[in-house]
Amino acid sequence: MARRQKKSFMPALAILPTWLTVVVVYIGAMVWTLNLSFTKSKLFPSGAYVGFDQYERLLGSSKWIKAVSNLATFGVLYVLGCLVIGFCLAAALDRKVRFENAFRTLFLYPYAMSFVVTGLVWQWLMNPVLGVQATMQGLGWESFSFDLLTSRDYAIYGVVIAGLWQGSGLVMVMMLAGMRGIDVEQWRAARVDGIPAWRVYVSIILPQLGPPLAAVATLLTMGVIKTYDLVIAITNGGPGTATEVPAKFIMDNLFQRQNLGLATAAAIMLLMSVVIIVAPFRYASYIRAKRKAGVL
Amino acid sequence: MQTAVSIKDLKVSYGPTVVLQNLNLDIRPREFLVLLGSSGCGKSTLLNAIAGLNDVSDGEIWIEGKNVTWAEPKDRGIGMVFQSYALYPRMTVRKNLAFGLRVAGLPSDEVNTRVARAADMLHLTPLLDRKPAELSGGQRQRVAIGRALVREVDVFLFDEPLSNLDAKLRNELRVEIKKLHQDLGNTMIYVTHDQVEAMTLADRIAIMKDGVIQQLAPPSEIYHRPANLFVAGFIGAPSMNFIEGRVIKTDAGFDFETGDTRFSLDGYHGAPVEGPATLGFRPEHLCLEGISGPELNGTVAVVEPMGADTVVWFDWHKQNFSLRLMGDSGFTPGAAIQVGIDLSKASLFGADGTAL
């Protein structure tokens with residue numbers, strides 16, 4: 001009996017620091033944030049509760065609405081775009097091309113960079129005065145235009161392009177690893193069946209890549225929600241509020257506008273939206289696991 | 001003569017490694033040909049070359065009177081069954097069978113008829129809406145066979161289709177494949193390393209070693225008249241017994257001499273030649289009674305009862321020999337044993353290993 005207690009004591013001790021971090025930092029901070037969001041805190045935390053006033057203010061703020069809709073646009077295009085481009089790149093490399101390792105490194109390289117660097121690089125590239133547009137016009141293509149970032153309507157797509165450049169490589173590596181795990185005899189069978197390569201990728205390979213696809217989609221989505229540095233580096237939210245995103249809205253209100261109550265309310269809203277998106281998936285996989293175990 | 005598949009001077013190499021060279025093989029229509037050999041002998045390479053999945057360095061491949069050396073696999077009129085089944089895992093059995101036909105643009109009535117017919121033939125009808133993961137190994141392999149079947153081609157290629165199955169299923173499916181061949185009457189080329197499969201299924205067996213066909217003959221001929229030492233040793237379990245010695249010409253005919261023993265080769269079917277030689281005889285071609293030919297007086301070492309028959313291992317002149325007896329033997333280890341070799345069924349190999 002004594003031995004058994006000792007046995008369970010050591011793992012508990014080992015896990016204690018992590019556990020403390022989770023309880024104090026994550027859950028503690030979450031509770032504190034939630035608490036603040038119901039106060040009228042400005043520069044400093046205040047104890048004056050105002051109910052849902054901050055939330056009403058938030059939903060009435062056109063800047064917040066714009067930030068959320070930008071996030072939706074960016075998120076959908078970024079995640080889907082990364083998946084499609086990454087899958088295509090992986091399929092291209094999977095064709096046993098020469099210099100595969102070099103290409104793989106090249107495509108994955110942007111992912112190793114900070115979003116700030118990506119943002120700066122693309123800010124220069126898309127700058128009408130010194131980027132791609134200037135180069136092409138200098139070469140004689142006078143009508144060439146590539147100035148997404150200066151347009152209120154299109155600036156967000158400029159951010160998406162930069163994001164795709166950074167994120168596609170990750171998808172490619174994960175998909176390529178998945179493709180390499182597929183039995184080569186399926187390829188032979190498909191060749192005997194006379195199925196064209198693109199059809200094999202779409203109808204046979206892609207359905208088998210479910211797990212890596214889900215993993216990479218989760219990673220990308222998490223990246224979307226915390227999008228901040230990319231926007232800061234590339235447009236700083238502008239022109240106007242054209243590329244405003246929730247994370248930037250929160251940071252601005254926290255540290256510049258001295259609006260602690262509103263910022264925490266926004267943070268809670270962001271958290272709630274993540275929960276709403278993630279919960280059904282978690283529940284589905286929980287049910288599936290149970291069903292597999294034969295409980296349900 | 002009309003051939004179903006004809007291989008002319010085939011050469012296949014991977015970079016500097018030549019796997020097959022100057023290989024010629026004619027396969028008759030409706031023949032069941034088995035390519036047999038241990039791993040790395042080139043049998044799968046040959047099958048893949050016929051299928052068009054491997055590039056050919058030199059030579060020609062003809063299928064049903066057409067030169068298909070450079071044709072795509074789908075245009076060769078072949079169906080293929082793979083060792084790992086190679087089913088499309090996310091598709092139901094029905095879709096697995098139909099997918100190739102759909103992509104080829106066949107009208108859906110035709111696709112459905114063919115799928116139904118193949119499913120009926122292979123007893124897959126109740127399983128049509130299942131995914132491969134929900135099938136047993138034997139069922140999966142039947143689906144793989146079905147996928148070749150729906151193509152309605154003349155030539156079927158099997159690449160070790162039974163080696164991933166357990167022994168019992170393997171026996172069952174082996175019988176099914178044989179029945180399928182009898183019902184369909186297609187040409188089938190079957191690669192295996194399992195000699196039992198080869199012996200039971202084949203009309204003719206091509207035994208391969210190092211990319212060269214050692215012997216191409218019906219199973220009984222391969223078994224009873226092996227063309228060389230390799231074939232003799234490869235086929236049969238327990239394998240053939242060998243005695244090394246030399247053939248000596250005498251007034252009456254030929255004698256075989258090994259160590260201090262010498263006996264006449266009277267009754268041997270072939271044409272012995274003087275010089276070093278190896279005498280081979282199968283375990284069941286030794287007799288305990290009515291000995292007329294050479295005699296071996298040895299000591300029983302091990303007795304292996306197998307039910308239907310018993311293998312008695314005995315030592316003679318410090319060599320180990322096996323003897324197969326029907327039923328139980330009654331021998332115990334250490335007992336003296338006297339056996340005679342039935343020379344009419346024995347094989348004699350010359351110094352270069354070919355049969356004399």
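This is a predicted model: local features need pLDDT of at least 70, side-chain atom pairs count only at pLDDT 80 or more; totals for chains, interfaces and linings use all residues.
**Chain B as a whole**

- Chain B has 8 helices and 20 strands; these are DSSP runs numbered from the N terminus, with helices being H or I of at least four residues and strands E of at least two.
- The C-alpha trace of chain B spans about 75 × 45 × 35 Å along its principal axes.
- Of the contacts in chain B between residues at least 6 apart in sequence, 65% join residues at least 24 apart, where a contact means heavy atoms within 4.5 Å.

**Packing of helices α2 and α3 in chain B**

- Two packed helices are described by the angle between their axes and the distance between the axes.
- Helix α2 (residues 93-103) and helix α3 (residues 108-121), both of chain B, pack at an angle of about 140° with their axes 10 Å apart; axes are lines fitted to C-alpha atoms, for helices over the stretch in contact, and angles run from 0 to 180 degrees between N-to-C directions.
- That angle makes α2(B) oblique to α3(B), since angles under 35 degrees count as roughly parallel, over 145 as roughly antiparallel, 65 to 115 as roughly perpendicular and the rest as oblique.
- On the α2(B) side, the contact is made by B:Arg94, B:Leu97, B:Ala98, B:Leu101 and B:Arg102, and α3(B) contributes B:Val111, B:Asn112, B:Arg114 and B:Val115.

- The buried residues in α2(B) include B:Val93, B:Asn96, B:Leu97 and B:Phe99.
- The cover over the buried residues of α2(B) includes α8 (184-193) and α9 (197-208) of chain A, together with α3 and α4 (137-149) of chain B.
- Just after α2(B), B:Gly105 takes a positive phi of about 85°.

- B:Arg94, in helix α2 of chain B, is partly exposed, with a relative accessible area of 37%.
- Apart from neighbours within four places in sequence, B:Arg94 is in contact with B:Val115, B:Leu128 and B:Asp129.
- B:Arg94 and B:Asp129 are 35 residues apart in sequence, and their C-alpha atoms are 6.2 Å apart in space.
- B:Met121, in helix α3 of chain B, is partly exposed, with a relative accessible area of 35%.
- Not counting residues up to four places away in sequence, B:Met121 touches B:Leu149, B:Leu180 and B:Leu184.
- B:Met121 and B:Leu180 lie 59 residues apart along the chain, with 8.4 Å between their C-alpha atoms.

**Cysteines**

- The structure holds 0 disulfides over all chains, a disulfide being a pair of cysteine sulfur atoms within 2.5 Å.
- The closest cysteine sulfur to that of A:Cys88 is in A:Cys82, 12 Å away and too far for a bond.
- A:Cys88 counts as partly exposed because its relative accessibility is 46%, whereas B:Cys41, at 4%, counts as buried.

Key: Residues are numbered from 1 along each chain as its sequence is written. Chains are lettered from A and ligands numbered from 1 in the order in which they are written. Side-chain values use heavy atoms; hydrogens and water are left out. Buried means under 20% relative accessible area, exposed over 50%, partly exposed in between (1.4 Å probe, protein chains only).
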